[in-house]
Each structure stands twice: as structure tokens, then as C-alpha cells.
Amino acid sequence: MDILDDAKKAEMEDRDRALANHFARTIEPAQDIENGIVFCIRCGREVERERLEVKPNAARCVECQTIHEQQERRNGHRTGL
Ligand SMILES: [Zn+2]
């Protein structure tokens, strides 16, 4: 019984983690689009076409996204998430 409960608990924790990761990855601010070109909302440069193929809703260029993710991680640690 204890083993089953533990397994269930671990499964739920895994799912919560997966969901948290999922949302952290997919939530993007609105894109700045002009004439079909997506401009990075942070630095204003054109978002790489290769990046948009991988992530059509990307609102930041690779460089700014990397910086943003590093900041998010730091914030997450601070708030204990
Ligand atoms: Zn940028």
C-alpha cells in the first residue's frame, strides 16, 4: 500500500513538473509583427526565420530569449518555484 501511494505521489509530481515546464515554454507575449516580419519585443531586431519555423509564436530573437530565460530561472529560484 505504501509503495503504491509513493508511486502515485511521484507520478503526480512528475505531471506537475511537466505541466510547469510546458507552460514556461509556451507562454509568449504578443508578437510585434509588421508586413509579415516578426520583430523582437526586446531589442527590436527581426526575429530569425529559422526560429519562427521552430516556434511560430516567438516574440523574441534567440539572443533575447536566452537572456529572458536566464532571468526567469533566477527569478524562479528567488521565489522558490
Ligand atoms: Zn532581441
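Predicted model: local features only at pLDDT ≥ 70, side-chain atom pairs only at ≥ 80, totals over all residues.
## Confidence

Mean pLDDT for the protein comes out at 86, with 84% of the residues reaching 70 or more. Helix H1, residues 2–26, has the lowest confidence, at a mean of 78. At the other end of the scale sits S2, where confidence is highest at 97.

## Overall layout

The protein has three helices and two strands. Reading from the N terminus, the order is α-β-β-α-α, and the two strands are S1 (32–34) and S2 (37–39).

## The core

The largest nonpolar core has six residues in all: Val 38, Cys 40, Val 47, Ala 58, Ala 59 and Cys 61. In soluble globular proteins, nonpolar side chains do tend to be buried together.

Setting aside residues up to four places away in sequence, Ala 59 touches Glu 28, Pro 29, Ala 30, Gln 31, Asp 32 and Ile 41.

## Asp 32, on strand S1

One of those partners, Asp 32, belongs to strand S1. Is Asp 32 exposed, partly exposed or buried? It has 15 other C-beta atoms within 10 Å, so Asp 32 counts as partly exposed; a buried residue would need 20 or more, and an exposed one 12 or fewer.

Leaving out neighbours within four places in sequence, Asp 32 is in contact with Val 38, Phe 39, Ile 41 and Ala 59. Two of these, Val 38 and Ala 59, also sit in the largest nonpolar core. Asp 32 and Arg 60 make a pair worth a look too: they are 28 residues apart in sequence, with 9.2 Å from C-alpha to C-alpha.

## Asn 35, in the loop

Between strand S1 (32–34) and strand S2 (37–39) runs a loop, and Asn 35 lies in it. If you're checking backbone torsions, stop here: Asn 35 has a positive phi of about 50°, although it is not a glycine. Asn 35 is also exposed, because it has 4 other C-beta atoms within 10 Å.

How values were computed. Residues numbered from 1 in each chain as written. Helix = DSSP H or I, 4+ residues; strand = E, 2+ residues; numbered from the N terminus. Core = buried A, V, L, I, M, F, W, Y, C linked by C-beta atoms within 7 Å. Contact = placed C-beta atoms within 7 Å. pLDDT = per-residue confidence, 0-100.
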